[in-house]
Amino acid sequence: MQNFQLYQAASVADAVSMLDQNVGHAKILAGGTDLLSRNKNLITYHLPQIMVDITTIPNLSYVNVDSTGAHIGPLAKISDVVNNPQIISNYNLIVQAGTQAASPQLRNMATLVGDLVQETWCWYLRYDYACWRNGGNTCFGAIGDNRYYHSIFGGRLCYATHQSDIAPALSSMDATVTITSPSGSRTATIQQLLPGITMINGTVKADSLAPNEMITDVFVPSTFAGAKANFTKIRVRPSWDFALASAAVVKSSNDARITMGGVDVQPRRFPAGEAMLKGQTVTSSLASSIGAASVAGATPLALNAFRVGLAQTAVTRAVMAVA
Amino acid sequence: MSTPLRVVGNQNVIRPDGFDKVKGQAIFASDISLPGMLWAGVKMSPYPRARIEKIDVSAARRAGYTVITANDIPTGLRTALRWILTPEGQNVNYAGEPVAAVAAPTESQAEDALSLINVTYTPLPFTLSILDALQPTAPQLDPGSPNNILAAAGGVLAEGTAVSTQTRIVRGDINAGFAQADVIVEDQLSTPTLSHTNMESRACVAQWVNGKLTMWISNQGPHGLMRSLASTYNLSLSSTGAAGTGGSAASNVRVMGGGTGVAGMTQGDKGGLTAESIICATLALKAGVPVKYFPTRMDNSLNSSKRYPVLGYVKIGAQKSTGLLTAIHARYLTNPGAYGTSGPSGSLGDIQDAYTCPNALFEGIAVKTNLYSFAGAFRDVGETQGHFIMEGPMDQMAEKLGLDPVKFRYMNMQQITPSGPLKQQDSGQLYTGFGQPITTQKVAQLFGWDTRWKGWNNYKNQTGDVRTGIGMAIMHMNKGNMSNPMASDVTILPDGTIQSANGISEHGSGMKGVIVVIVAEILGVNAADVNLVNYGDTDFTRDAGGQGGSRAARSAGMGAAAGAAAALSNLYALAVPYINTKFNLNVKPTDLSTLGKQIFVTASPTTTVAWTDVLKGTKGVTGVGNFFVPTGAAGNFTGRTDQTAMAEVQVDMATGNIKVLNYAACFGIGRVLWAKGLENQFLGGFSGAGGGSALYESELRDPITGKYINANIHDYGLMTWLDTPDPEKMQVTWNEYVDGFQTQGGGGYAAGNLTLPSTDKVWGPYGARGIGEPSVGMVAATIANAVYNATGARLKTIPFRPETVLAAIKAAGTPPTITVPPIDATNVPPGGVNEAF
């Protein structure tokens, strides 16, 4: 285990100020389900010397739903969100995704926001190979055993997929996040938050957060409240596995969203498919066409071509489910 | 005439250690904390093969940590057969191989100490697969094993482990057999490396006081380990302590291996003198204070023995007119890892007797690689691999013959029934199974095979993504003997309290339940009346053998029975004069019976006295029991457990996901001792090792670096309870067949030391047989055959993860590619053929 200082923040301003004063050395600690075990197992290059504990900040675990949409606080656990009756009735896509994320125990500890900005579960990273995310300059996944955890749509530097189940769901719900730093707040879409592989302050990662920023709110607008929605996840074990491929589809009377998960370095919006789906009556042939189009241009690696078919199946089934 | 059994097989007996475990009160080795105790850590090689140029421990020692290297390991263990810590100038041969160990005040400091050790390696070329290792240009791992074909015999780590490097079993003439055949099936199948992944790692705590070594450890055989440690560290055993013939309180080694000392759990990686026990004891000796080694998940995976991978070629021939097999040829190449000493006999030894085919050749070699540490037991010693590779082709043959797979098996299996004559097996042992025909009939009835079987065209008649099908497999498992004698002490205190002292461990398999059932049956009390004392503590118990080979219920069970019978004998010796005086009778011990802590005259049940009256004024009675398998009769006393399984599966053709809807099995169990324990073994055997390893589990290595990539529970693919079939859909039945002890009169066990008439067909307490390993072995083959019935795709490698299933669906109907080379004069290992095992 790497030793660290625990800083128990009193407020959001206090937390981001601490991050700002220790750029590159401090990280937010919330659910801690992965950060603490990474720290114990010494498996990432940039282990924080300071953990900024935000669980001491009051009033951040809210799940508030009103006519404009749903606000989810940075300390709301995945289980808090998926068990909320209003989320269940109006924003069910998030519930479908959230209940298939991780394991029951992890969902009781992990925050929804932490799920969005999770470190990837690539087995090369996790076994301390000197990869891009670990201070090295090789993607072992691109050349080695890439059957489960690497992109089928290419990559840059690191080929590890973004494995969140909730991010594709939020993406399809047009959710935004509020990001706070000492200099103020900004709003970002899920695509802006998770643009693919970034290198910020020498750290290779999948999100666009600056070292002194934290997510302080997730807003799900009511655009698709109550609309037909489906999250389909294909994985090895039904109990506890990352997606080999997933699809989050939502369809209202005049609009539609499709986001694919677990197949690219980011949650992969599929605008062409959305155009095909929008305003249409769903038939099995339409679903199949959208599924086939979803993997056009896929560039699988040596061992993950089987996941192209899985991605197609996930999209096809999720579209069929919103018929 | 036998007395009906009251406790044996009783559904109401609960797990004696259940409450402690559920409440978190059971003490495991990792819970032991002693004053001044240090934590151990192990420095491992990151390379699958490399020369160790230098191990620099000076910085760690300067920092005040206790450090050991090869030179500190007792000399007897310092051999290339398996270094405990590999020395400078030698090669490491798998990623994770230990080269040094440290002890430090805290776990975190142990990590710091490891980071101060600097090892200089020269990386060398390596091989991971059997076929690569057989290439003429492959790196040679061991000069004693030319062409990487295992030749070394012997073993340092497992007490009494049989070693055979090549297997060649011949009967009849396969060429003639294939000439008679008009249907041939030829195929190639394989199995992966599996890691035990017990929830409890191989934890131990070692303490030296005045030259005596005490060890708290999760180990399958406390007494065997005690003797091995004594030999390793040149410590004396007491004159009466050897081999369980007496207590060993004067021994200079004390092992607390499960139960009162510590609880544990295992699937086969905790037998014998494990590397952890040596590292821990050596560190404690050097540090002069107690040391705990609680391996991390990764250490535990990498330095464990493994279920070994097998690459198997099978060719079988049969006659269409009769449906009978005419020839079987099985050629298995096994991968024993870098330091494994076991050959293919574990996988070939049992399948040879499953079918009565007159012409057969079962042959195999073991090929050393840098894939992993060493081959070992994993809820069997190779039978699962052997049957998976054989039962797929057998299913294909049934289809080619146009026969129901049950009928095909039935026509070709050993036609032995319990009442039938003993038959000399091809392996030379007497067949003492409980009749595959009976287990097959029973499970077919339970499962409803005849109404559910929709024929070989079932998959062709289905459309859509989700298909269902059923399948079956048989298994023929031979588990060996225990060493004589099997012993225990049972004490009845003056107030009637019963204490049973047993030297075996409890690793979740339910030995405690088995023992209390047997003792209670013999003493005429309830299971809850039997108190287990000093369980698994070698200072205060006798040896009844270890937990392994599905034989503990028989060996420790016989030891427990012998102790109870001896205690009862001593109690009757006091009761006879008491009764004769009180009632003015002239009875003998054989005239007495006991029930409910009352002794009565069998012929006059109202003539009764209480135990407490008989024991008044005494210090109680202790029975020392020893059970001996009769000399020269060992061949009669192997414990075969025949079994048949059936499953219904649902397969998603687009995702490759398999769902097991229903799984049923019948075991020729002989006798159910502890009913809940047996059901637990069946359910746990499916979810813990059988179904989990069929569907999900396998150890993987990076093909480029040869390093581990999934030494954790998630990526390794352990099955969770949420992935198992609905328990309501898990069906188990058994075939009980008993003679032998039960016919001896009284409660079955009269009194005194127990011996068996050499004519008995079965042995084991009340005729019981093992279930631990048999509960696992057929699962993969059964699921694979059901998947074929659902999809038309043959699964030829384990596990059945989506990529494997989708590839099989794509390849359905194409002929197999055979890459297994012949075994001939060029690759028969020195030392020749080992046919006897």
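A residue is called buried if 20 or more other C-beta atoms lie within 10 Å of its own, exposed if 12 or fewer do, and partly exposed in between, with C-beta atoms placed from the backbone. The model is predicted, so local features need pLDDT of at least 70 and side-chain atom pairs count only at pLDDT 80 or more, while totals for chains, interfaces and linings use all residues. Residues are numbered from 1 along each chain as its sequence is written, and chains are lettered from A and ligands numbered from 1 in the order in which they are written.

Helix α17(B) covers residues 675-695; helices (H or I, at least four residues) and strands (E, at least two) are DSSP runs numbered from the N terminus. Of its 21 residues, 16 are buried, which leaves α17(B) mostly covered.

Turning to the strands, β9(B) (residues 204-209) is largely enclosed by the rest of the structure, because five of its six residues are buried. Strands pair if DSSP finds at least two bridges between them. Ala206(B) takes part in both pairings: opposite stands Met215(B) in β10(B), and the bridge partner in β12(B) is Val291(B). Two residues separate β9(B) and β10(B) in a hairpin, where Asn210(B) in the turn has a positive phi of about 50°.

Notes. The expected span of a helix is 1.5 Å times one less than its number of residues.
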